[in-house]
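Please look over the sequence and the model shown here before reading the notes that follow.

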Amino acid sequence: MIDRRSFLTSNVALAAALLTWPQSGAAATRTRTPAASWPPESQLAVVDRELDKAGAVAKHTRRTGVRTLEFEGDVAGLWMREIEPLLRAGPSVIAGYTGPATLFCLDLLARDFGARVRQRADARSGVVWVLSSTPLERAVLAPISSTWSRSHA
Amino acid sequence: MPSPPPGLSERDFQAALRELEGVVGREWLFATDEDVLLYRDGYSPLWGEADERFASAAVAPSSVEQVQGIVKVANQYGLPLYPISTGRNLTYGGAAPAYSGSVVVDLKRMNRILDVSARDKTCLVEPGVSYFDLYRHLRTNKIPLWIDTADPGWGGLMGNALDRGGGYTDIEFRDHFDAHCGMEVVLPTGEVVRTGMGASPQAKTWQLFKYGLGPWVDGIFSQSNFGIVTKMGFWLMEEPQAALQVSVTVPKRRDVVPLVDTLHSLMCAHTVPSQVTVASPLMAGNNPELVRLRGSGGASDADWDRFAANAGGAPFWAATFVYYGPSKVIAAQWEHTKERLAGIAGVGFRETASYKFPLTDEQAEAVADKARYGIPSLNLFGSRTAPNAPPLEGHMDFSPMIPPHGEELIALTDYTGKVYADQGFTPSFVAGMMFHPRTMICFHAVPTFRNAADNARTRKLFETMVRGCTERGWPIYRIHPVFQKLGMEMFGRDNGSLHRLHETLKDAIDPNGIVSPGRYDIWPKRLRGTQA
């Protein structure tokens, strides 16, 4: 069971993992941020390759132990394959370095799973954010499995 | 706490909410301020104003029986309901109710894909199934069928089809309402009706033959408030072997006439299968000379062609479309298309993308124009904002429908260009889109804001165009709930006989007036005449 303390801690850790990537004008750090106290399979970082220094951000979050996935511009495929299943499976925390339009979309989509944007910081060419759900939030809109699907295939 | 619906006491409202809780369970009733704000129209042209539409609560059923239970409570208390599928069409009002104070019936939990038949190329879905869901289902199960998705693709199949939205693939599938086959509806009385062949209990053709026997009633459940649709069947496109995306350009303004005539003829002959967009790359943006010409409302072809020449010889119009099928057939179709268009001086032909199917996930990810290949996408959001500009402000779609004639496209965009300029807005992009077999839709993006002063201007722009385009023979095909009364006034022939027919049906089907009061200006008797 995820308690409030570990929820807050993991948010901070994940946000720190993203917010301390090397960028001019910001304090850079090469130290490994301690892994969040949530199970690794419930954490994800997403990075838009089209943004400045996206490669460096992705490398940094991977070094901190967070599973990191990249995409180019359109987050729909990642949403379908990775983000939505993660949110549907249970409490999860997702951090991102994306454009504001992507965050706008993910924020709206994730609400169906009781997830909300917890932190946000505008970077020079994108937005850094953390979105998460917990058992404290509304129950997820999990589908009831269909038994009909293969009947005519 | 949100206020009760107009005309309902706080005590009765709370009693109704408790009964709704009994139907769906406590966790699926949303009645706090924070909950209700999730159903706010983020692109509302009335943002922050007294007339902005808000839900009073929301309830999320998981079954037809629960929907019936909700309807029963609503009838008992006179509680107005507003059913939504996924509620994500932000340019047409999103999840916010047409009648402020309604209880949103959020059908997202009813999200089962009930059946997919690769053999018959059909599916049967519940209202909460999104394009994402069905696409993923088809890919995961390696079913060689395509969806036809709206763009962006985060919405629901049923919600989009019931508002008569469209997509981009083959003509048989991209008019989403036309591509449906059979529905199940919970009537406002609580009765369940299956339409078409579904009304015959053992029929094997519910998703195969649309009409059943007797009057075909499906149409009355689209763009209306006559029931809560709980299942819909759709025809799906068989995955083609290949596809070729092309662009045809023409240099002069008036070339759009033979361009559209020819492409439309090829579309009717099924030689050009996909949706065709005819856009003017030159007429986008806020170049001062462009704005001047568009704002004049009547610049001559010579003026425009001079503008084009000064723009480095870029084509005036570009048509984009896709062929689907075996490669040899595609090649023949493309050759024939080029022959038919060769008579336009300066016509250009370009092959912009080609694919062989099935695509891997990586290949699908890399497709630029995803909707034309049945791949749902969120790209449209990124394309409408400048880098670093948050899409906090939004837009509405103004969607007039014209005959598939290039001269009508020119005349309409001359007119709307002037209206935008007169109202102090940069004119919208210029494009005619052939979603339907015999028309073009000329979408215009009308910006919305988070302040009353700018929204007042935007509403005036929108209303002016609705009236002006109707006067010129181009009424809209779909409209934001805030403007649905105005929109329906444009269909007031014979002293409003169509409106009276809608009211007659409403009185018969929904005697207590509980389902979506005011949607498309159809009011129940108890509220008729009370709305400004």
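A residue is called buried when its relative accessible area is under 20%, exposed when that area is over 50%, and partly exposed in between, as computed with a 1.4 Å probe on the protein chains only. By that rule C181(B), at 1% relative accessibility, counts as buried. This is a predicted model, in which local features need a pLDDT of at least 70 and side-chain atom pairs count only at pLDDT 80 or more, while totals for chains, interfaces and linings use all residues. Residues are numbered from 1 along each chain as its sequence is written, chains are lettered from A and ligands numbered from 1 in the order in which they are written, and side-chain values use heavy atoms, with hydrogens and water left out.

**Cysteines**

- A disulfide is taken to be a pair of cysteine sulfur atoms within 2.5 Å, and a search of the whole structure finds zero of them over all chains.
- C123(B) is in no disulfide, the nearest cysteine sulfur being that of C181(B), 11 Å away, which is too far for a bond.
- C123(B) is buried, with a relative accessible area of 1%.

**Helices of chain A**

- Helices (H or I, at least four residues) and strands (E, at least two) are DSSP runs, numbered from the N terminus.
- In helix α2 of chain A, residues 54-63, the buried residues are A54(A), V57(A), A58(A), H60(A) and T61(A).
- Seen down the axis of α2(A), these buried residues fall within an arc of 165 degrees, and therefore line one face of the helix; the arc is that of the directions from the helix axis to the C-beta atoms.
- After α2(A) comes G65(A), whose phi is positive, near 95 degrees.
- Helix α4 of chain A, residues 100-110, holds L109(A), which is buried with a relative accessible area of 2%.
- Leaving aside neighbours within four places in sequence, L109(A) is in contact (heavy atoms within 4.5 Å) with W79(A), and also with R88(B), F132(B), W154(B) and L378(B).

**Sheet of chain B**

- Four strands of chain B form an open sheet in the order β1-β2-β4-β3, with mixed pairing, where two strands pair if DSSP finds at least two bridges between them.
- At the edges stand β1 (29-30) and β3 (81-84) of chain B, each with a single partner strand, so one side of each is left without a neighbour in the sheet.
- β1(B) and strand β2 of chain B, residues 57-59, run antiparallel and are joined by two bridges, and L29(B) stands opposite V59(B) in β2(B).
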